[in-house]
Amino acid sequence: MRIAFRGETLDVTASAHGFWETHLRPQGPGGPFTLVVESQDSSERVQLVDLLVGDVWFASGQSNMEMPLEGFPKSTSPVNGGEKAIATAANPRLRLLAQTRRTGMAPMWDSQDRWSVTSPQSARGFSAIAYSFGEKLIADNDVPVGLIEATWGGTPAHAWMSAEGIGWAGLGSVAIDAGSVARQQALVNKIRDNHAVNPEVPLASVATLRDHLNSYIPSSLYNGMIAPYAGYTISGWIWYQGETDANEMRPAYYSRVFPALIQDWRKQWGQGPLPFLYVQLSSFGRGNPNWGVVRDAQRRTEELANTGMVVALDVGARDNIHPPEKFTLGRRFAALAQAVGAEGAVPQKKIKAPEGHSPRFLQATSEGMAIRAWFDHAQGLAPSGPLVGGFEIAGEDRRFVAADAQIEMIEGKASIVARAPGVPAPRFVRYGWAPYVSDYIYNGAGLPLGTFTSESDSQMAIP
């Protein structure tokens, strides 16, 4: 067959199974263009029109990434600015593709979902974070953007990993989630039994629970929603997940599972260490004590090359696990994408990347009756209120207590020194460990400090 695109024509032969692949020469962003695929004798011809060339980003995770511009009405969770964005959604250079929810026992090769031009209809049900991220990238870089969304609320990280990735990392993912799966299976059985006794109990609820049960199976979401795109040329990933991994036995494993997921996807795509950007869990008043553990595991994951963390502590909601400030996170993602050097298509304009990183904890040093935490990306560090709150310190016993803290600059480097009367010889310091955090510290770019502890991974006690 013959491929023609932007003045280039290539001949390609399909395999016996009908698969084929060819590579077009790199060219700059733009469009719209037309792609023609035809047989050698020109008897069969397919023409795809209105194609753009630009940056493609893959957005994934659980419900906070899934949360659409129209919000989650059944749980009274709106998106601030969502209705205005829907009404004005008419950017021809922003294209959207939403992957239908599905699980699989083996990797799927294809998807029936298709790209859509941005309109109120296509944008309404699309990820609010991803949509605002794409809009900001276009505004900053003047390059067309395509967004692929593959999300499923209430799902654990190991369901998004390939079987190979789980094996590479040496993770016993079935054991990790055995308790949760067993309880959900018991609930499915209970509803089925109740229906047998009382037919008025709808079996549709069993089907819904069955789908959710399948979404917990290791690799099930990778197989159904990620595998079809592995190898597709993208600029990087944006990810928001972790609430589900704060439950059951999973917090103790998240510091291994999450980095393994990133490395797994990079291997599956085969395009090197593409940027992987993600959100640290936001504040939530009803979150369990393990939220701090998961947040710190997310912080530590920045040790992987070309990763970046968006901090969301300051946009959380005390009584809603789905905070409404999704546009704030989308903008932070866009700034971070430029800060980690995500190039994608060559921009038509050369724009200096802004500061996209939140203040990042480096190390802690004991100073007699005080302990000092050091940071980078901390130029202009300042609290949101009159006091530097949210800090705790502990001695060798690792019993943390609230501490008085203050910001100090030493030889041009930002630090925060903390002390507490009941801890005469502090060894450890942490910040923002409670599920809901109300004291924030920002750098000069207006980006907040995230949860951290100076304890090593092996020292932390999991409740």
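1. Arg95 stands opposite Gly146 of strand S8. The two strands concerned, S6 (residues 94-98) and S8 (residues 145-151), run parallel and are joined by five bridges. Strands here are DSSP runs of E with at least two residues, helices are runs of H or I with at least four, and both are numbered from the N terminus. Two strands pair if DSSP finds at least two bridges between them. This is a predicted model, in which local features need pLDDT of at least 70 and side-chain atom pairs count only at pLDDT 80 or more, while totals for chains, interfaces and linings use all residues. Residues are numbered from 1 along each chain as its sequence is written, and side-chain values use heavy atoms, with hydrogens and water left out.

2. S6 and S8 belong to an open sheet of seven strands with mixed pairing, in the order S7-S6-S8-S5-S9-S10-S11. Strand S7 (116-117) and strand S11 (307-311) are at the edges with a single partner strand each, so one side of each has no neighbour in the sheet.

3. Helix H4 (residues 128-141) lies across strand S5 (55-61), S6, S8 and strand S9 (236-240), and runs at about 165 degrees to S8. Helix H12 (residues 326-339) also packs on the sheet, where it touches S5, S9, strand S10 (276-280) and S11, and its direction makes about 150 degrees with that of S11. Contact means heavy atoms within 4.5 Å. Axes are lines fitted to C-alpha atoms, for helices over the stretch in contact, and angles run from 0 to 180 degrees between N-to-C directions.

4. A search of the whole structure gives 26 aromatic pairs. In one of them, Phe58 and Trp269, the ring centres are 5.6 Å apart and the planes are at 75 degrees, so the pair is edge-to-face. Phe58 is in strand S5 and Trp269 in helix H10 (residues 251-269), so the pair ties together parts 211 residues apart in sequence. Rings of Phe, Tyr and Trp (its six-membered ring) pair if their centres lie within 6.5 Å; planes under 30 degrees apart count as stacked, over 60 as edge-to-face and the rest as tilted.

5. An open sheet of four strands has antiparallel pairing and the order S12-S13-S18-S17. Its edge strands, S12 and strand S17 (404-410), each pair on one side only. On average, neighbouring strands of this sheet are turned by 25 degrees against each other, direction ignored. Seven bridges link S12 to strand S13 (residues 370-376) in the antiparallel sense, and the bridge partner of Glu367 in S13 is Ala370.

6. Two cavities of 30 Å³ or more are found in a search of the whole structure. Of the 13 residues that line the largest cavity, Glu302, Met309, Pro359, Arg360 and Gly450 lie nearest its centre. S11 and strand S12 (360-367) are the elements that give two or more residues to this lining. By class, the lining of the largest cavity has six nonpolar, four polar and three charged residues. A cavity is a set of points on a 1 Å grid over the protein atoms alone where a 1.4 Å probe fits but cannot get out, and lining residues have an atom within 4 Å of a point. Grid points are joined across faces, edges and corners, and a volume is the space filled by probe spheres set on the points.

7. The second largest cavity holds about 30 Å³ of space. Its lining consists of Met309, Val310, Val311, Arg332, Gly356, Ser358 and Leu447, and S11 gives the largest share, three residues.

8. Strands S3 (residues 30-38) and S4 (residues 45-53) pair in the antiparallel sense over six bridges; Val36 has Gln47 in S4 as its bridge partner. Six residues separate the strands of this hairpin, in which Ser42 takes a positive phi near 65 degrees. The peptide bond from Gly31 to Pro32 is cis, with omega near 10 degrees, and Pro32 is placed in strand S3.

9. Arg6 is not a glycine, yet has a positive phi of about 50 degrees. Arg6 lies in the loop between strand S1 (2-5) and strand S2 (8-11). Most residues other than glycine have a negative phi, and most peptide bonds are trans.

Technical notes: 1 Å grid on protein atoms, 1.4 Å probe; cavity = no way out; pocket = protein on both sides within 12 Å on 5 of 7 lines; lining within 4 Å. Nonpolar A, V, L, I, M, F, W, Y, C, P; charged D, E, K, R; others polar.
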